[in-house]
Amino acid sequence: MRDTLLIALYAFAGAAVTGLAGAAALRLLRRRSLTVSLAVVAAVGVGGVLTGTLAVAWAMFLSPHDLTVVTTVVAMAAVVSLVTALILGRWVVARSRELAMAARSFGDGGDFAAPAAPATAELAEVSRELAATSARLAESRERERMLETSRRELVAWISHDLRTPLAGLRAMAEALEDGVADDPDRYLKQIRAEVERLDGMVGDLFELSRIHAGTLPLSPSRISLYDLVGDALAGAGPLARAHGVRLVGDRVAPVPVEVDAKEMSRVLGNLLVNAIRRTPADGTVAVVAERSPDGVVLSVTDGCGGIPEEDLPRVFDTGWRGTDARTPPAGAGLGLAIVRGIVEAHQGRASVRNIPGGCRFEVTLPTAP
């Protein structure tokens, strides 16, 4: 038993010296290739065996012949281990370089394509993560492209919408200045109407900018949907009568919600104005509010004839105004974008779907606690 302990002690001492030397070498070479590190690890393993064997042989006074045999065997094992480590290192490095080249391709704006050659489990996991990241980046680029397109369209439409009333204001102002206006009072009323239209457009732009910046101030309070819808219907009544459209709100449950009353009134007002303007005379715009498993659903149904299926995903985009046949009189395309922004700020969601003869806009809000 004592001899066994001595042999273990001498073997451990010799291997420990080799291990410390290997740790120092790995620290010095930590920035070098993986092949070098694997070669050091293989050398440490075989060197530990060799130094431990030599220490035990010296302590046991082995014959020179036996010591030569043992040393030769260990040396051959060292050669095989080093060659194996070098082959493995070069293979792993080659797979890493292929992965790096593939990653560089999608970093430059392309799509990630995983290398076809087999790789280790860790490199395969990295490849899968890079593929998922590439897919997310592609989605982000597509969203950014769509947003940029919407911004350009919005700028073009806003420029057009501003140019028309400004040209009219200039013409009327020049007519009044030159004294050639046959009915100055009518001109002044028209100027006031155009100014109010411009003021509303600027207000919508300001509201939308606060929504996009995430700085929309909300002051939630507990309110009944019955009161909210009633006020909105009363506000939209004159416009509905002017267009010959019936407003129906007899299916509104007195459900309490925790919302900013001013902002939600704007949501309802935008939806009702949008529905009234796109519903033909003698048509009906209906408002319904009821509970659902997801919360409280507030819907506005119109008689516009429906929205083309390809346009449904873009209805709430900034600047979207649909086809010319659907949008007289054309607005700036901000109302529905503001609706979605305000609803999402209340942790809700806005959606639209076609129904026979028209479409239904739905706003889903969390139930008040």
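This is a predicted model: local features need pLDDT of at least 70, side-chain atom pairs count only at pLDDT 80 or more; totals for chains, interfaces and linings use all residues.
Me: Which residues of α8 are buried, and what covers them?
Reply: Buried means under 20% relative accessible area, exposed over 50%, and partly exposed in between (1.4 Å probe, protein chains only). In α8 (residues 335-345), the buried residues are Leu336, Ala337, Ile338, Val339, Gly341, Ile342 and Val343. Contact means heavy atoms within 4.5 Å. The cover over the buried residues of α8 includes α5 (184-213), α7 (261-278), β6 (349-355) and β7 (358-365).

Me: How does α8 lie relative to β6 and β7?
Reply: Axes are lines fitted to C-alpha atoms, for helices over the stretch in contact, and angles run from 0 to 180 degrees between N-to-C directions. Helix α8 lies across β6 and β7, at about 25° to β7.

Me: In what order do the five strands form the open sheet?
Reply: Two strands pair if DSSP finds at least two bridges between them. The order is β2-β4-β5-β7-β6, with mixed pairing. β2 (246-252) and β6 are at the edges with a single partner strand each, so one side of each has no neighbour in the sheet. On average, neighbouring strands are turned by 20° against each other, direction ignored. Helix α6 (residues 225-243) packs on this sheet and touches β2, β4 (284-292) and β5 (295-301), its direction making about 175° with that of β2.

Me: How many bridges pair β6 and β7, and in which sense?
Reply: There are seven bridges, in the antiparallel sense. Thr364 in β7 is the bridge partner of Arg349.

Me: How many salt bridges does a search of the whole structure find?
Reply: A salt bridge is a side-chain nitrogen of Lys or Arg within 4 Å of a carboxyl oxygen of Asp or Glu. The search finds six. Among them, Arg251 pairs with Glu290, with the closest N and O atoms 4.0 Å apart. This pair links distant parts of the chain, strand β2 and strand β4, 39 residues apart. Glu362 and Arg353 also meet in a salt bridge, at 3.1 Å from N to O.

Me: Is Glu362 buried or exposed?
Reply: Glu362 is buried because its relative accessible area is 18%, whereas Arg353 is partly exposed at 39%.

Terms used:
Residues are numbered from 1 along each chain as its sequence is written. Side-chain values use heavy atoms; hydrogens and water are left out. Helices (H or I, at least four residues) and strands (E, at least two) are DSSP runs, numbered from the N terminus.
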